[in-house]
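Here are some notes for a colleague opening this entry. Please keep the view open while reading.

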Amino acid sequence: MHRRLVVPGALAASVLLAIPASAASYSPGSPGIGDAYYPESGNGGYDVSHYDLRLKYQPSTDLLEGTATIVATATQNLSRFNLDLGLRASEVRVNGRKAAFAVAGDHELEVTPASPLRKNAPVTVVVRYGGKPSELKIGGWTAWHRTPDGGVAAQEPDSAVWWFPSNDHPRDKATFDVSVSVPDGTQAISNGVLQSQSSRLGWTRFNWRSDKPQATYLATLAVGRFDITTDTTANGLPVLNAYSKDLGGNAGAARASLERTTEVAEWLEEVFGPYPFNALGGYVPNVTSGFALETQTRPFYSPRQFANGANVSVVVHEVAHQWYGDSVSVDGWKDIWVNEGFARYSQWLWSEKEGEGTAQELADYAYGARAADDPFWTVKPGDPGPENQFHGAVYDRGALALQALRNEIGDEDFFAILKGWPTERAYGNAKVGDFVAYAERVSGRPLAGLFDTWLYQPVKPTAGTGGIGAAGAQARTAAEVPEQPAQPKSWKKIAATDSVHDHDHGH
């Protein structure tokens, strides 16, 4: 039997007054950061400023052991908060004291600190954890690539949960120190600058630092046996490229492509402004995937990208992302065009520079090559949906939007925008609408209609819209233009990089 407790009004008031006003104001941080496409990605209630990862990895067993120190700030009064981690945590400390923790779902670690955390207070979280990344599947897929001599973490839109605890969303960027111990004779590659390496008792430790804000999916780890080339740019930036020793027939073409990274970056500086980070390079591990990824300062390339010979165009694409995607990152994954449309357009500009087809010729060909009833035109680059996030339309139609903008406002304003945007938004995040507003401000023209046509309407724009297609070409010149222009010389080379968006999973 339950007895109903009746408290007289005055007594009730005194009881309420006895409870500290702040006690009821602490609440759990949300288990997601609020992304429209991936509601479970990231977490609410705190902002990370730095990750310090101290790892040990054994290639023969795929066992990864780690201690992650996360430096953050509470953005609300927190009673509890989540971290994204798929491996098994063994201990969590918050501000030096042991914290309770529990696993929720397939990658949520719920942490309850010994004392609640006040808004704006500095927070340090230490997580000890371990496991075999290759055995972790989330939604049926994995971001961990097992190789004959090690393993690689590289994937989009998620990869961090396979190897470190984090607030796993581009909206919460942080600096990184990654220290990895591997058996002697094996290397560990990560982002940024190799600060030091040392050997002891059969193990070699590599210490990497990425000192500018970096999204968690852009953090990478590659363990294996690599041939490594190093250099410095004219401005003194360290350049490091790494190639698996067992790339076979793709080895030469991979080197012939990646070794032009510095040249590509110097050219892109003329287009996009100063290079935003502390290192350059790339790596090609012996993986079976086909995609490439703009992992910050050190892009990941699958060997298959070079199966038909050298392809500098894919290097252009991934290095362009260092400005568009890495320095200026998506606010939410629906804003993927602010990454991919610009990386693809940079390939068109490279073709223009190399005399293999102008951006306009590539735009006319891309427009004319697909009939009006092609499903390609139903994908909206400005909001493609999670199922079409890496669809070819985000790339090619996304680049068409930029060529239409160039035709509308002229080269002077267009290239001022391409250079000014990553400077104004450096190390931050942006929505598609932010870019539209910026372009309008710089050009002094209303552009919402143009962007709506090219980014949001699920139909093929009328020929001539934005100066694209035969009618548009006639408007630009007096010459008659055929309905389907000739294929530019660079088209096949650029098309060969379409698999950069084939991320080998259904996420």
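What pLDDT does the protein average, and what share of the residues score at least 70?

1. This is a predicted model; local features need pLDDT of at least 70, side-chain atom pairs count only at pLDDT 80 or more, and totals for chains, interfaces and linings use all residues. Residues are numbered from 1 along each chain as its sequence is written, and side-chain values use heavy atoms, with hydrogens and water left out.

2. The average pLDDT is 92, and 91% of the residues score at least 70. pLDDT is the predictor's confidence in each residue, from 0 to 100. Helices (H or I, at least four residues) and strands (E, at least two) are DSSP runs, numbered from the N terminus.

3. Where pLDDT is low, predicted coordinates should not be read in detail.

4. Eight strands form an open, mixed sheet, ordered 6-5-9-3-2-12-15-14. Strands 6 (97-98) and 14 (193-200) are at the edges with a single partner each, so one side of each lacks a neighbour in the sheet. Two strands pair if DSSP finds at least two bridges between them. Strand 2 (residues 46-58) runs parallel to strand 12 (residues 174-183), over seven bridges. Tyr51 has Phe176 of strand 12 as its bridge partner.

5. The largest nonpolar core has 143 residues; Trp163 and Trp337 are among those with the most contacts inside it. Helix 7 (residues 392-409) gives the most to this core, ten residues. Such a core joins buried (under 20% relative accessible area, 1.4 Å probe, protein chains only) Ala, Val, Leu, Ile, Met, Phe, Trp, Tyr and Cys residues through side-chain atoms within 4.5 Å.

How values were computed. Buried means under 20% relative accessible area, exposed over 50%, partly exposed in between (1.4 Å probe, protein chains only).
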